[in-house]
Amino acid sequence: MSDLPPGILGQGTQGIDKEHDVPFTRRTVLTGAAAATTAATVGTVYTLLPKFAAASDPAPAEFDDFIQMSAALTGINASKLRPKVDPIDVKTEYFDWVRSRSPEAFSGLLAFFRSASHKEQFPDGLFESPQSNTEIGWLARSIILLWYLGAWYDPSELQNVDQPLKPKIISAKAYTQGWIWRVAQTHPMGYSEWAFGYWQDDPPPKDKFIK
Amino acid sequence: MCADKCRECDVVIVGSGVAGALMAKRLAHGGKSVVILEAGAKIPPNINAYMNRFFRASNKVPESPYTPQLSADPAWVNAGRPTSLMIGAKPEQSYLIQKGPLAFGSTYERIGGGTALHWLGTSLRLVPNDFRMASVYKRSDDWPTGLIDWPIDYDALNSWYGEAETELGVSADVRDQAYLGIRFPDDYSYRMPGIPLSKVDAAVAAALTKFTPGDIGFLELDDPHRPWAVTSTPAARNSLPYQSRRVCAGNTNCIPICPIQAKYDPTVTLNEALDTGALDIWYRTVAKEVVIGENGWVSRINYIRYKQDIGGPIEEGCISAKVYVLAGNAIETPRLLLMSKNGGRTAAGVANRSDLVGRNLMDHPFYVAWALMPEGRPVYPYRGPLSTGGVEDLVRDGSFRSDRAAFRIEIGNEGWNFVVGGIGGDPDLTTVDLVTGRNRSEVNERNEMMFGGKLVNRLNDLITRQIRLGFLVEQTPDRRNRVTLSEQHYDGLGLPRPAISYDLSDYTKKGIVAAKRTADLLFEKMNARSFTKDPPPEHPMSFEWPIDGKTTRIAFGGAGHLMGTYRMGSDPRNSVVNSDQRSWDHPNLFLVGSGVFPTTATANPTLTLAALVLRTAGVILHKDLG
């Protein structure tokens, strides 16, 4: 196995992020994995576990808008972005992160979303409007990438195609919750929730992962 | 300096990787008191310290989970190491000083457990002809250049392979592996059944059935009519619970780190050795000089200790023993030998009467090719171990080895993860492209910006069709490919950093060209669209070669398989150690690891170096070494 593919030369390195040391243990990860497995098989069990339900949603109205808006942007069902049993709770971390990074653009984006008559189609309106190439439009793209990759791509960097990107995995759990892996019908590298030999068969259909 | 204060033990081992760990375990179990000097940091009590670093690393390179930090200037790092992102870089960023003409593309770790913390686990045996390349394939003094026989043969190692497969816990089926003369004892079985093949493997296998003898004429196989097949790769990866470790859960992360230790790593062996109470491991302890006594025997090793990754030494000391085993790797072991000048008595370095210490540095030049399967034909990569299958039986040996290097084919299960845009490229790179209108992946040719359902569908379509092939090509020895000591660049302890001169022979280049043509053919038979990039002329790991009358530039990578720099042989003028891995010059000094390999063969070296270590441990235990 190679350590070095062709084509990587001359890149800068990335230091290890010590700034956002979000508490993370194997235990929480496994709890989350167990919950995810449960969710896929016996959905009704949630009613037995009311104490987990929406335990840490802050500012309910604004948070709810964030989730609905994120669902429209990402194409991932809102019930997946905000599962009823969610001890990992990456959604709150994302909400807090985006709000603290770009408070004004975030308010503007939420306002745009609220004003849309068809919430599911709101990104069409956003990306076809003059707003598409403003900070609000690029914040929307940063939010998509945050949900997909667990990494923050600063909107100002994304706007400039010539600028090298410096993504930041915002926390260990954010990486493990990236939606790109589920969209590709798999698991994050290093975070399998599956059993020996699964790879010899086709995965479950895509919609099982995201709807 | 401090001989009277040296700590004493039976055996000192430098390095705690696979070779050092296995040696320590065997000797400790045999009643010897053993001390390992390990240059790097201690293994953390809980693997999550490494997992946390890995999860949060923006560039998920093989080194990501491990210390020291990747971005430090190597001049300040006490025990530095080469890293994947810095292979073409200047000395301010690169620990290795690259003197060319080509860059050396492999890296290693200096940490408790060594580089095998991030090995893939591939555990192929060498084929018998790999041990007698000169006898079987040398046509003249001039061609192929550099070929040399090993001082031992396959049969001498057969039982030691079995022991190594037990220590490492190899999953494979004898039926699949008995090819090209590989023989097993009558009732032999691997410790665990083979690892199931992936959907990617199945797609490659289907395409291989379409090869015709005419298609593959360029390979000049002995029997072009024999059908090609994909077989499950022997791997030190659990298909059953083994050594109190879990079964592989297909985390697709053998490199850089298995989160559940279903893949063997040397900490397993180190813990078994520590349990005896006869082993001490001294971490952050860098061997600085092998001291030779008046009788020509090693009398002690001087070392430097440090506390933090950066910040210089805190103390110096020495340790003496009856037997000394150097188990660094094919760069750090010759570096230590060359640094050991003994006040000028060994000005050319210890164990270096042959002038071969540091010479004949080899790797498996790694040709990678990547493609997209046709629409509607997903292969579902990013699932299962990083690699489960390969092609070996036809391509690893044959009379073509009188003309060009052999190779083996490794089928990747990680899509374009380390090929598109660099290590850790995908799925991130393609995702960013589709969301922001970039086209670094070359799959977003119209620079579209997507969101919602369209984004989901397009990403699913693209990522599930990614395929990656790797070809590990054998490299011939060349005394000009060598490790020396830099005269300008030092590490944080003030020790000279390794300088590397590296090139490929025409024989090896011809093997890489054959690999490229095989990849092209395979993609054609799969109706897959290749996205393999032609390297720019300045690419430091590329060369030009005529293919079908057209000059083509081909890039290659390193495989992380460092070999050859203190090779074994039957003639002290032409080798550094004998078949027991014992220095010709100093009777109580043993040099172990793949640095002893006279030739590279095509198998990943860990299993063979493990077998050799176990054999040498028997020699040390059963001979009175005074």
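**Confidence, burial and salt bridges in a predicted model**

The model is predicted, and the mean pLDDT over chain A is 79, with 72% of its residues at 70 or more. Over residues 1–55 of chain A, pLDDT stays under 50; the model has 110 contacts beyond four places in sequence for this stretch.

Chain A contains 11 helices and two strands. Their order along the sequence is α-α-α-α-α-α-α-β-α-β-α-α-α. Of the 211 residues in chain A, 51% are buried. Contacts between residues at least 6 apart in sequence include 60% that join residues at least 24 apart. The chain exposes about 9300 Å², and carbon and sulfur atoms supply 53% of that area.

One residue of chain A can be followed in detail. A:Lys173 is in helix 9 (residues 172–176) of chain A. Its relative accessibility is 17%, so A:Lys173 counts as buried, the cut-off being under 20%. The side chain of A:Lys173 reaches the backbone oxygen of A:Ile88 at 2.7 Å.

In chain B, helix 8 (residues 332–339) is largely enclosed by the rest of the structure, because eight of its eight residues are buried. Among them are B:Glu332 and B:Arg335, along with B:Leu336, B:Leu337 and B:Leu338. The cover over the buried residues of this helix includes strand 1 (7–14), strand 6 (285–292), strand 8 (313–326), strand 13 (482–490), strand 14 (496–502) and strand 18 (589–591) of chain B.

B:Asp130 lies in the loop between strand 3 (97–101) and helix 3 (133–137) of chain B, and B:Arg396 in the loop between strand 10 (389–391) and strand 11 (407–412) of chain B, so the pair ties together parts 266 residues apart in sequence. B:Asp130 is buried at 0% relative accessibility, and B:Arg396 is buried with a relative accessible area of 0%.

The loop between strand 10 and strand 11 of chain B also holds B:Arg401. The side chain of B:Arg401 meets that of B:Glu474 in a salt bridge of 2.9 Å, N to O. Because B:Glu474 lies in the loop between strand 12 (466–473) and strand 13 of chain B, this pair ties together parts 73 residues apart in sequence. B:Glu474 is buried, with a relative accessible area of 4%, and B:Arg401 is buried at 0%. Salt bridges with shared partners also join B:Lys25, B:Arg26, B:Glu163, B:Glu167 and B:Glu272 into one network.

Note on methods: Residues are numbered from 1 along each chain as its sequence is written. Chains are lettered from A and ligands numbered from 1 in the order in which they are written. This is a predicted model: local features need pLDDT of at least 70, side-chain atom pairs count only at pLDDT 80 or more; totals for chains, interfaces and linings use all residues. Side-chain values use heavy atoms; hydrogens and water are left out. Buried means under 20% relative accessible area, exposed over 50%, partly exposed in between (1.4 Å probe, protein chains only). Helices (H or I, at least four residues) and strands (E, at least two) are DSSP runs, numbered from the N terminus. Contact means heavy atoms within 4.5 Å. Accessible areas come from the Shrake-Rupley method with a 1.4 Å probe; for residues, only the protein chains shown count as cover. A polar contact is a pair of N or O atoms within 3.5 Å; within protein, one must be able to donate a hydrogen and the other to accept it, and residues adjacent in sequence count only if both atoms are side-chain atoms. pLDDT is the predictor's confidence in each residue, from 0 to 100. A salt bridge is a side-chain nitrogen of Lys or Arg within 4 Å of a carboxyl oxygen of Asp or Glu.
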